[in-house]
Amino acid sequence: MRLTLQWSQVNAVRAGAVTRLVGQDLEVNLEELQALGEADPRLQRVRLDLAHPGESCRIGRVFDVMAPRAKLDGGEDFPGVLGALARAGSGRTVALANVAVVVTDQQLQSTGTLALIDMAGPGAALTEFARTHNVVLSAWPGAGTGRSEYLAAIRLAGLKAAVYLARAADDRPADRVEVLDLPAPTRVPPAAQHLPRVAYVFQIHSHQRPTGVDEGILYGDPIRRMLPTLVHPNEVLDGAVMRGFMGRNATTYAIQNHPIIRALYAQHGQTLWFVGVVLTVAQATEPERVRSASMAAGLVAEVLGADGAVFTKIGGGAPHVDMAQAAAQCEALGVKTTLIVEDMSTDGSSEGMLLFNFPGLDALVNVGSSQEVLTLPAVARVLGADDLAPTIQGEVSTSYTGLCGAIEQTGASRLVALIQ
Amino acid sequence: MQTLRVVCYLNQFFGQLGGEEKAGVGPDVVPGAVGAARAVQQALGDAGTVVATVRCGDNYVAERDATAIAELVSLVTAQRPDLLVAGPAFQAGRYGVACGALCAAVQTQLGVPAVSGMHEENPGVDLYRRQVYIAQTGGDTARMLDEVRRIVGLGLKLARKEPIGSPAAEGYFARGLTHNVLTESNAAQRATAMLLAKLAGAPVTSEVPLPTFAPVPAPARVQDMRRATIALVTDGGLVPRGNPDGIEALAATRYGAYEIAGLTQLDPTQYDNVHRGYDTTYVKQDPHRLVPVDVARELEQAGAVGKLHEVVYSTTGVATTLAHSQRMGREIAAKLKAAGVNGVILTST
Amino acid sequence: MTPVAVMVGANRIVPAAGIIHPMGNAELAPAEEKALRRRIVERALQALQADVAQPTVFKAP
């Protein structure tokens with residue numbers, strides 16, 4: 001499968017009469033984009049704001065972040081959710097660098113559940129979203145719109161905005177062309193057959209909270225009874241997978257730029273042969289967990305024939321254990337594993353860091369301690385949560401998990417919990 | 001840079017009062033650096049002055065515990081120090097414990113930075129490493145100056161509020177505390193590199209230590225269930241409506257004791273659930289899906305179980321610290337045991 | 001979460017019916033659900049009467 005990403009570099013974003021790229025400046029017709037969002041009867045009002053890197057600005061109530069991408073040549077965008085069902089991962093896709101769509105959830109009441117993005121200051125150093133020009137989308141529910149409908153509607157509005165913005169680069173020559181070309185795992189040229197075969201096991205949801213009917217995660221399917229399944233890495237990068245509505249420390253943006261997939265692609269053909277991606281769901285009952293672990297290990301070891309595998313999870317303790325069981329089964333089949341975990345302790349003690357101790361699971365990378373608290377200074381402007389400005393515009397104390405992008409369980413973030 | 005006021009703490013031997021025969025001697029303070037504190041002054045150079053040396057016999061502290069520490073803290077306070085250097089205690093156990101206790105007390109009560117040094121087998125290490133920076137020393141007191149240089153180096157950083165590096169780099173016992181730090185490469189890159197190293201058979205340094213839990217001796221089995229009292233306990237977050245005990249939804253430090261005497265059922269309208277780690281819809285609809293009072297009562301009435309204990313204990317088991325979990329478990333167990341309970345069914349989510 | 005129970009040293013462990021309804025199952029009719037609950041509780045009582053020396057999982061027969 002061969003995917004060509006045509007990147008346009010963007011260094012400034014501003015409102016304009018027509019949505020277009022002028023050099024590396026993106027001008028956005030905000031009224032047009034607003035109307036696009038308000039066309040959904042589930043929403044009664046959409047507001048768009050712009051937040052730029054370096055501004056003293058705090059975005060609150062962040063629900064998800066999306067990267068602007070649009071398929072060329074008649075391809076379907078975010079198939080199964082926005083576009084019609086079509087296989088993602090091949091053809092040409094335009095992409096804007098340094099721009100993100102930040103979707104806020106206007107139904108959140110308490111500051112405790114806010115996810116924040118600070119565009120400047122100590123919080124900004126911790127997240128990639130302080131370096132992107134953010135188009136902040138806030139929408140309010142129409143009459144009679146229930147909670148899960150509202151979330152589906154704002155997510156869709158975010159995806160529409162992501163495509164709309166990327167289309168500004170449709171007719172331009174790309175600043176940078178990135179080709180992601182990976183043959184099926186059975187087709188390894190003789191010269192590369194000595195390379196270790198590496199798979200990625202990607203846990204995309206946890207069933208501690210069952211998905212809603214309109215909460216599409218894999219090609220629009222709410223994956224309620226999903227057993228471990230195989231996909232090509234390009235499908236993940238090209239809109240087949242998105243974050244569910246409750247994923248903690250996860251954004252759709254990070255999936256679209258999946259750091260593990262990119263890291264494996266970067267080494268592919270040189271130090272390893274990337275053989276594929278196994279998608280799993282963290283199960284809520286022990287028998288289902290055992291079945292899922294067994295099948296995932298079977299796909300990794302016997303179908304993909306991997307020598308090694310990297311694992312990530314989405315969620316807290318139960319997904320952590322679920323991931324470990326799958327990895328332990330892989331180790332039992334002779335596959336070497338590395339897992340990305342978060343520091344699970346809530347009192348900062350190193351003995352609380354890890355919940356499990358399975359044989360062979362000795363290679364662990366951590367994405368930091370979600371519960372650790374930090375203080376952010378006052379800012380000049382609040383977006384997405386203006387009504388909460390009295391509490392969040394001043395100095396704010398938040399845990400790391402409350403900072404969007406500071407901890408990404410897919411491994412996109414650069415925080416690590418060190419033991420001292 | 002300002003010259004720091006440093007106070008040293010020494011035991012009877014290193015303070016030159018005498019050997020084991022002086023271990024019972026009470027606290028005193030002498031101006032300037034005496035005995036082993038002179039090595040501290042040498043290590044400080046111009047950065048600080050040892051304004052006083054506080055001394056005490058190891059047995060005096062060991063026998064009087066908190067009162068002795070309080071006396072020593074008063075002596076330290078009077079000197080208005082910017083830094084306390086206690087020891088090094090090497091392998092002397094009573095001395096090491098006294099150093100750790102004094103450092104911890106001075107930090108908490110005076111807000112003054114403190115540092116000590118001891119050998120890894122010194123019992124003071126395990127007792128105080130979490131609270132106090134303790135430099136790792138060898139066992140050879142002849143290497144006093146070298147060891148003291150390292151302790152003082154660490155102490156100066158603490159006093160100047162400079163960032164402290166990793167345990168390996170600075171030579172102190174890992175405090176077992178985690179702290180978030182930004183690194184060069186993201187977790188995905190580190191994971192890929194780690195996997196490649198593992199595949200190549202190269203050594204791998206995990207970013208998380210593997211936990212060890214001490215085995216728990218299994219209590220003897222219940223001999224005669226028909227005469228036994230069985231209690232129901234849960235960490236699934238069941239609370240009476242209104243959560244009168246204020247059980248926390250996350251990182252609980254409290255548990256509740258809820259009467260079920262005379263009840264054959266739990267009325268869902270009288271209960272709620274505060275747990276935030278799972279979807280509590282189903283256990284709110286029917287609390288028996290969490291605490292099986294209905295079935296337990298039937299088994300009691302049928303004689304299969306001697307007695308269903310009248311109290312249900314409940315807390316929330318999400319993000320609960322190990323320390324609080326263990327404490328709550330011990331407290332609940334003690335109450336159950338005192339009430340003559342023979343066995344417990346703990347429902348965990 | 002059985003593996004966590006084993007790891008922390010619980011000696012008598014009975015796998016129940018899932019995180020969100022350990023002693024029940026909302027998909028069953030009430031009578032069947034209560035029968036399921038009874039089976040789990042009875043298994044727990046059996047576990048309390050068994051001799052164990054280390055973490056032991058008492059699975060459904």
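Domain bounds here come from an automatic or database domain assignment, and I kept that in mind while reading this predicted model.

**Chain A, two domains.** I looked up the division of chain A and found domain 1 (2-176) and domain 2 (187-373 + 398-402). Taken over C-alpha atoms, the centres of domain 1 of chain A and domain 2 of chain A are separated by 26 Å. I then checked where they meet: 24 residues of domain 1 are in contact with 24 residues of domain 2. On the domain 1 side, the elements of chain A that give two or more residues are strand S7 (62-66) and helix H2 (147-166), and H2(A) gives the most, with 4 residues. By class, I noted 15 nonpolar, 5 polar and 4 charged residues on that side of domain 1.

**Chain B, overall form.** I went through chain B next and recorded 11 helices and 14 strands. Its radius of gyration is 28 Å, whereas a compact globule of 349 residues would have one near 20 Å; along the principal axes, the C-alpha trace of chain B spans about 80 × 55 × 40 Å. I also noted that 44% of the 349 residues in chain B are buried, and that, of the contacts in chain B with a separation of 6 or more, 73% join residues 24 or more positions apart.

**Chain C against chain B.** Finally I looked at the contact between these two chains, which takes 26 residues from chain C and 27 residues from chain B. On the chain C side, helix H1 (2-8) and helix H2 (30-48) are the elements that give two or more residues, with H2(C) giving the most, 7 residues. I recorded the classes on this side of chain C as 16 nonpolar, 6 polar and 4 charged.

Definitions and conventions: Residues are numbered from 1 along each chain as its sequence is written. Chains are lettered from A and ligands numbered from 1 in the order in which they are written. This is a predicted model: local features need pLDDT of at least 70, side-chain atom pairs count only at pLDDT 80 or more; totals for chains, interfaces and linings use all residues. The radius of gyration is taken over C-alpha atoms; the globule rule is 2.2 Å times the number of residues to the power 0.38. A residue is buried if 20 or more other C-beta atoms lie within 10 Å of its own, exposed if 12 or fewer, and partly exposed in between; C-beta atoms are placed from the backbone. Two residues are in contact if their C-beta atoms, placed from the backbone, lie within 7 Å. Ala, Val, Leu, Ile, Met, Phe, Trp, Tyr, Cys and Pro count as nonpolar, Asp, Glu, Lys and Arg as charged, and the others, Gly among them, as polar.
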